[in-house]
Amino acid sequence: MTFEQFALARLPSLLRYAVVLTGDRDLAQDVVQEVLARAQVRWKRISDADSPEAYVRRMVLNEYLSWRRSWAVRHIHAAGERLIELDDARGGVRDHADGVVEADALWHRLAALGRKQRAVLVLRYYEQLDDDAIADLLGCAPATVRSHASRALQILRLDQQSELRVHAEERS
């Protein structure tokens with residue numbers, strides 16, 4: 001497979017992955033563009049790897065983690081995109097605005113996480129990798145991965161509980 005064929009076939013998937021990591025479509029495009037530019041130069045070596053896609057995805061992850069030095073990147077702003085389609089459990093018609101508000105709130109909670117915590121959640125729940133694979137990608141122990149995931153989920157739960165309290169107080 002040539003680099004051009006790979007880039008055309010995998011670009012949408014790489015962009016989705018980067019958007020979930022960064023929380024910002026523009027930043028995700030920058031990260032993927034930078035990675036693909038470097039991958040093109042090294043394509044002969046990358047294409048000889050067992051899984052060129054996994055190699056490039058790791059490059060995207062490393063690029064995202066290395067952008068932490070930039071002030072603009074440390075302050076992720078939600079793009080307003082939906083992470084998942086939310087179904088109404090009652091089977092009725094939901095107001096589209098409610099779903100947008102929920103997705104936006106989730107993006108804001110994710111943006112509050114540290115980079116490694118966010119990366120662990122993305123790799124675990126979006127990429128569906130196990131702790132050993134995540135540890136290998138991040139260069140840490142599986143126990144560290146579990147610790148990052150636990151802290152991140154705790155932060156998300158606390159943020160959600162505080163939002164629910166604020167909404168309950170607004171209604172009363």
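**Entry 1: the pocket.** I looked up the second largest pocket and found that helix 4 gives the most to its lining, with 4 residues. The model is predicted, so I noted that local features need pLDDT of at least 70, side-chain atom pairs count only at pLDDT 80 or more, and totals for chains, interfaces and linings use all residues. Residues are numbered from 1 along each chain as its sequence is written, and side-chain values use heavy atoms, with hydrogens and water left out.

I read the pocket volume as about 210 Å³. A pocket here is an open set of points on a 1 Å grid over the protein atoms alone, where a 1.4 Å probe fits, with protein on both sides within 12 Å along at least five of seven lines; lining residues have an atom within 4 Å of a point.

I listed the lining: Y17, A54, R57, R58, L61, L123, E127, L129, A133, D136 and L137. Helix 4 and helix 8 are the elements that give two or more residues to it. I sorted the lining into 7 nonpolar, no polar and 4 charged residues. (Ala, Val, Leu, Ile, Met, Phe, Trp, Tyr, Cys and Pro count as nonpolar, Asp, Glu, Lys and Arg as charged, the others, Gly among them, as polar.)

**Entry 2: helix 4 and helix 8.** I checked helix 4 (residues 52-66) against helix 8 (residues 131-138): their axes come within 10 Å and cross at roughly 60°. Helices are DSSP runs (H or I, at least four residues), numbered from the N terminus. The two are therefore oblique to each other. (Under 35 degrees is roughly parallel, over 145 roughly antiparallel, 65 to 115 roughly perpendicular, the rest oblique.)

I noted R58, L61, N62 and L65 of helix 4 in contact with D136, L137 and L138 of helix 8. Contact means heavy atoms within 4.5 Å. These residues divide into 4 nonpolar, 1 polar and 2 charged.

**Entry 3: helix 4 and helix 7.** Helix 7 (residues 115-126) packs on helix 4 at about 155°, with the axes 10 Å apart. That makes helix 4 roughly antiparallel to helix 7. I found L61, Y64 and L65 of helix 4 meeting R115, K116, R118, A119 and L123 of helix 7. By class, I have 5 nonpolar, no polar and 3 charged residues in this contact.

**Entry 4: helix 7 and helix 8.** I read an angle of about 135° here, with the axes 10 Å apart. Helix 7 and helix 8 are therefore oblique to each other. Helix 7 brings K116, V120, L123 and R124 to the contact, and helix 8 brings D131, I134, L137 and L138.

Technical notes: Axes are lines fitted to C-alpha atoms, for helices over the stretch in contact, and angles run from 0 to 180 degrees between N-to-C directions. Grid points are joined across faces, edges and corners, and a volume is the space filled by probe spheres set on the points.
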